[in-house]
Amino acid sequence: MVSPTQNLTLLTPPSNDQLIESARKTLSTQAQALQSLSSRVGIEFSTAVNLILAGQGRTIICGMGKSGLIGKKMAATLASTGTPSFFLHPGEAFHGDLGMVQANDILILISYSGETEELIRLLPSLQNFGNTCIAMVGNTASTLAKNCQCVLDIGVDREVCPNNLAPTTSTTMTTAMGDALAVALMESRNFQPQDFARFHPGGSLGRKLLTRVKDLMHKDNLPICSPTTPLTDAITLMTQGRMGVVLIKQDQQVVGIFTDGDLRRAMLSSGASMMSQTMSELMTKNPKTINENTLIVNAEEQMLRDKITLLVVTDDAQDVVGVLEIYDR
């Protein structure tokens, strides 16, 4: 069997310049369409956001074909940014999945033409359930638009497709409008990075925003000595601790640290004479500390700001409980 694409004839292989120009034209056209869409955003958008904010249920996204694919992305974005949401396939909904819909759910129905049969067939049931519906359409005079409480216009003058057929510019507008809703809802709810991390615990950002200093710090067999400890003994402790640092304590308080960097600097400035010195003469006094309950992302910010690679970790009683290095993540 011959694939339909095998019947397409490549008349003249395009040059690199032609391909680059095609991409630039497409992106420029999309950018212009987005700018036009931005200028048309009005009270309907704020109405849609307020309907979702006031809703006591979930926000359900429904669409067919390309609109459905974008709807899945939209539902995922909303769900991960504080708006309980899921995608409902209109065909499956008509054959039983309407049982997933509750009366207090908000539905966003996506159809560029506003006449998608599978969506139109759902309208009587949704009206019977009492659901609030938001239409995302390119035709504000369409059947879908006329039967929804709120209409978001995503219309474009034409598709960037050379035949003005393949959904291209219109799908970009749909995606962008979905993102605009998600961002407005995040801002309205004061959705913070910590909230984002709660829904993304498996990602690198989630780990950074949920992990605390005490989860990553070195806390066993800390290399500790006194101010009177000779340098030779301190070097032995540093080697055994394998952290490149020695903590100097006096009267149960850390009064200084001595790092491998301090050792190198002392060798350059004092040479062999340093071997007779004690920690009180060589240590860095009043080292930077951080509480064990601090988020690791804040600890990293402090290290970068102070241009250091190590922090002494304390508990709420200011007792030393560990050491954190910048690569402990």
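How many aromatic pairs does the structure hold? The structure holds 0 aromatic pairs, where a pair means rings of Phe, Tyr or Trp (its six-membered ring) with centres within 6.5 Å.

Hi everyone, a quick word on the ground rules. This is a predicted model, so local features need pLDDT of at least 70 and side-chain atom pairs count only at pLDDT 80 or more, while totals for chains, interfaces and linings use all residues. Residues are numbered from 1 along each chain as its sequence is written, and side-chain values use heavy atoms, with hydrogens and water left out.

Now, one ring does have a charge over it: arginine 121 lies over the face of phenylalanine 94, at 3.8 Å from the ring centre. That label needs CZ of Arg, or NZ of Lys, within 6 Å of the ring centre and within 35 degrees of the ring normal.

On to the helices, which are DSSP runs of H or I with at least four residues. Helix α2 (residues 43–54) and helix α8 (residues 169–188) have axes that come within 10 Å and cross at roughly 55 degrees; axes are lines fitted to C-alpha atoms over the stretch in contact, with angles from 0 to 180 degrees between N-to-C directions. The two are therefore oblique to each other, a class left over after under 35 (roughly parallel), over 145 (roughly antiparallel) and 65 to 115 degrees (roughly perpendicular). Contact, meaning heavy atoms within 4.5 Å, involves residues including Phe45 and Ile52 of α2 and Met177 and Leu181 of α8.

Last, strands, which are E runs of at least two residues. β11 (residues 310–314) runs antiparallel to β12, joined by 5 bridges; pairing takes at least two. Here valine 312 stands opposite valine 323 in β12. Thanks, everyone!

Terms used:
Rings of Phe, Tyr and Trp (its six-membered ring) pair if their centres lie within 6.5 Å; planes under 30 degrees apart count as stacked, over 60 as edge-to-face and the rest as tilted.
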